[in-house]
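Have the sequence and the structure open as you read, and follow along topic by topic.

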Amino acid sequence: MTGYIVRRLLWLIPIVLAITVITFALMHAVKGGPFDQGDGKSSVAAREALKAKYHLDKPVYVQYFYYVKNLVQGDLGPDLVNQGTSVNDILKANWKPTVALGLLSAGYVLIVGMGLGILAAIRRNSFLDYISVGFATIGASTPNFVLGILLVTVFAVELGWLPAIGWSTGWTDWKPVILPTIVLGSLPAAYIARITRASMLEVMSQDYVRTARAKGLREQVVIFRHIVRNAMIPVLTLMGPITATLVTGSFVVEFFFAIPGIGRSYVQAIIGRDYPMIMATTLLYAVVIAMANLVVDVLYSVIDPRIKYS
Amino acid sequence: MAERSPAVPSGVAVLDDLARPARGLWADSFHRLIQNRLAVAGLIVILVIGLAAIFAPVVAPYNYAQQFPGEFLKDPNGSHLLGTNQSGQDNLSRVIYGARNSLSIGIFVQFIILAIAVIIGAGAALGGKLTDNLLMRFTDIVYAFPDLLFVIMLQQVLAGTAIAGYVGGLFVVFLAIGLVGWVNVARLIRGQMLSLRERDFVIAAQSIGATRTRIVVQHMLPHTVGPVIVALTFGVPSAIFLAATLSFIGIGIQPPLADWGNMIFDGYSAVQVTPWPILAPAAALALVFLSFQFLGDGLRDALDPRAR
């Protein structure tokens, strides 16, 4: 098992390198560098000096070499648009809302999605089941920004219960957190609810469930130990893609709610052609998604001991 | 089979009733598809919206860019069935014209995805071990990219190149989404082909001396078509969502061209006056999404030969 994890982690290195090559090539194919448009204050000479300072006057492959050299040392490069700051500074200043939003949404996805799916399957064809199927259908067919508009209009503008934009400033400031979490998490939650329900229903018709009931086990034990645990395997498969959905969804949600996180600074970086920031964000998210997939694969063998990695 | 119990009298007549009409694989699949009500409903909605999009100049009450002075942000009324937006444009007409962009993105992207996926997937399955390894590691790398990020980057890169000058911004959005979205389909094709390669009918074809090309074209490709059609059907609404998201962030299709995403974004600033500029395109998006979803589910059941 340890060997498997180590091999998977080592495999990340070529992936990350390949992503830097692709991103680097793409960003340099874009017309216009960060210092091409004067801001009215800097002279042509000053801009040339800035280019020289950041090696932007050198051939692309030399620039790439400098980048990788710094990357290996943990330096993601200078922030070209905001003078005097580095990408590390920006990520350090912005990671908290993004991570908090991601974790809260993941929690929401698991609790609401799996909860609704399990309840719907246990009480099949009940009112609760219809609510759950309805949520899964509507949730999956509404893009997150549309849901955002609807919720903000109702809960922020009309009712005034929750703020329309911004992010929490501390532990007790919970109100700004609610809408972004729901907006980011609803689409994957709907998906999970649907798959959980289907998977539960399939497991419930298995012989070992009948056996468990026949030998007189309490219903809770049957449901949680025999049904839910086995029904979770197909659901778990989705957690990798779902992490990716949460990660990319956070761009739109941070942009929409003006949350000072990494996603929003990425959109700004794209507009400002801030190469190091764009590459850093892409790398960071690629690594997060790869790690999530690794965790999911390891969790498989925890839930289903029949699966073994060698 | 279960119906043929020995208790049933006069076996010949019953067997006649049970006998299926002789139908080919495709006719049989079509027959099963049209028995699925949700799938048929989805197909009809898609056809209606598709036709409305193609004949937009005839169907839409007004042009998408036509402005009605003094009629800003009206709720639905006799002359504007879905109201007007803040530029005094008819929402219904813009939704119909918007269907052109949104649907064509959804569908054309699938052709780009299919082209790349067939080359990479079939290449990996049929080429040697080295080709397979190289192509699949490349696929892993593209898979590791967060898709929205990659689309945004590609869109920015392509928009700055000469290609964009020739074909316009809409095609750039197609291309960006297509270049990112082929991974799952390529894996699907590879997996199908690898399993087909070991099947008896392929080995039989090999043993009677069929050429490699003939085996691939005649025996293997038809068997991969079903799952690929299903994957592409589910891909249409995802591509439409992605394009709408790009428009919403402000880097997709630009006004005055109508696209459901940029309509929603425009409508947001005036949502307190009237929700109709948002509701109309949002409902269209949801309708198209559900229709393709139902059609995809129906196709998946219909195209599975084992479901006969």
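In this predicted model, the C-alpha centres of domain 1 and domain 2 of chain A are 33 Å apart. Domain 1 of chain A covers residues 2-72, and domain 2 of chain A covers 87-303.

**Between the domains of chain A**
- Where the two domains meet, 14 residues of domain 1 of chain A are in contact with 13 residues of domain 2 of chain A.
- The domain 1 side of this contact in chain A is made up of nine nonpolar, four polar and one charged residues.

**Between chains A and B**
- Chain A and chain B each bring residues to their contact: 30 residues from chain A and 30 residues from chain B.
- On the chain A side, the elements that give two or more residues are α1 (2-29), α6 (144-158), α10 (239-257), α11 (262-272) and α12 (275-303) of chain A.
- By class, the side of chain A that touches chain B has 22 nonpolar residues, seven polar and one charged.

**A closer look at helix α10 of chain B**
- Helix α10 of chain B runs over residues 183-197, 15 residues in total; at 1.5 Å a residue it should span 21 Å, and this agrees with its end C-alpha atoms, which are 21 Å apart.
- Its buried residues are B:Val183, B:Val185, B:Ala186, B:Ile189, B:Arg190, B:Gln192 and B:Met193.
- Which elements do the buried residues of α10(B) pack against? Their partners are α5 (91-126), α6 (129-144) and α12 (212-249) of chain B.

Terms used:
Residues are numbered from 1 along each chain as its sequence is written. Chains are lettered from A and ligands numbered from 1 in the order in which they are written. This is a predicted model: local features need pLDDT of at least 70, side-chain atom pairs count only at pLDDT 80 or more; totals for chains, interfaces and linings use all residues. Two residues are in contact if their C-beta atoms, placed from the backbone, lie within 7 Å. Helices (H or I, at least four residues) and strands (E, at least two) are DSSP runs, numbered from the N terminus. Ala, Val, Leu, Ile, Met, Phe, Trp, Tyr, Cys and Pro count as nonpolar, Asp, Glu, Lys and Arg as charged, and the others, Gly among them, as polar. The expected span of a helix is 1.5 Å times one less than its number of residues. A residue is buried if 20 or more other C-beta atoms lie within 10 Å of its own, exposed if 12 or fewer, and partly exposed in between; C-beta atoms are placed from the backbone. Domain bounds come from an automatic or database domain assignment.
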